[in-house]
Amino acid sequence: MKSNDLRKFLSSSTFAVGFVLSAVYFFDVKLSEVARFFFSSGLLVLAMIVLALVIFLVMNRFRKNRKRLFDLKADDP
């Protein structure tokens, strides 16, 4: 990882933590609500990763079957 990427990651993480802490402190947001939000966000990201993996596997299987069908037609006179 380049140092520029690390710097961007650290600065955005610092901003995100500051934003959450200011919401908790100034706007009386409960810490349990923030934790539930982060947990739900993590579950959503994991669900999207699993869904993308399933779609990839299904599409990959269709592509293989399609190539086989084209090869069979090419061998016929």
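## Aromatic pairs

Three aromatic pairs are counted in this predicted model, where rings of Phe, Tyr and Trp (its six-membered ring) pair if their centres lie within 6.5 Å, with planes under 30 degrees apart classed as stacked, over 60 as edge-to-face and the rest as tilted. One of them joins Tyr 25 and Phe 26 in an edge-to-face arrangement, at 4.9 Å centre to centre and 80° between the planes. Tyr 25 is exposed at 63% relative accessibility, and Phe 26 is exposed at 59% (buried means under 20% relative accessible area, exposed over 50%, partly exposed in between; 1.4 Å probe, protein chains only).

The ring centres of Phe 37 and Phe 38 are 5.8 Å apart with planes at 55°, so this pair is tilted. Phe 37 counts as exposed at 52% relative accessibility, whereas Phe 38 is partly exposed at 47%.

## Fold and surface

The chain has two helices and zero strands (DSSP runs numbered from the N terminus: helices H or I of at least four residues, strands E of at least two). Buried residues account for 4% of the 77 residues. The accessible surface of the chain is about 7,600 Å², with 71% belonging to carbon and sulfur atoms (Shrake-Rupley method, 1.4 Å probe; for residues, only the protein chains shown count as cover).

## Nonpolar patch

Val 50, Leu 51, Val 54, Ile 55, Val 58, Met 59 and Phe 62 make a nonpolar surface patch of about 650 Å². Patch residues have over 30% relative accessible area and no salt bridge; like charges are joined within 9 Å and nonpolar side chains (Val, Leu, Ile, Met, Phe, Trp, Tyr) within 5 Å. A salt bridge is a side-chain nitrogen of Lys or Arg within 4 Å of a carboxyl oxygen of Asp or Glu. Met 59 lies in helix H2 (residues 31–75) and is partly exposed, with a relative accessible area of 41%.

## Basis of the values

Residues are numbered from 1 along each chain as its sequence is written, and side-chain values use heavy atoms, leaving out hydrogens and water. In this predicted model, local features need pLDDT of at least 70 and side-chain atom pairs count only at pLDDT 80 or more, while totals for chains, interfaces and linings use all residues.
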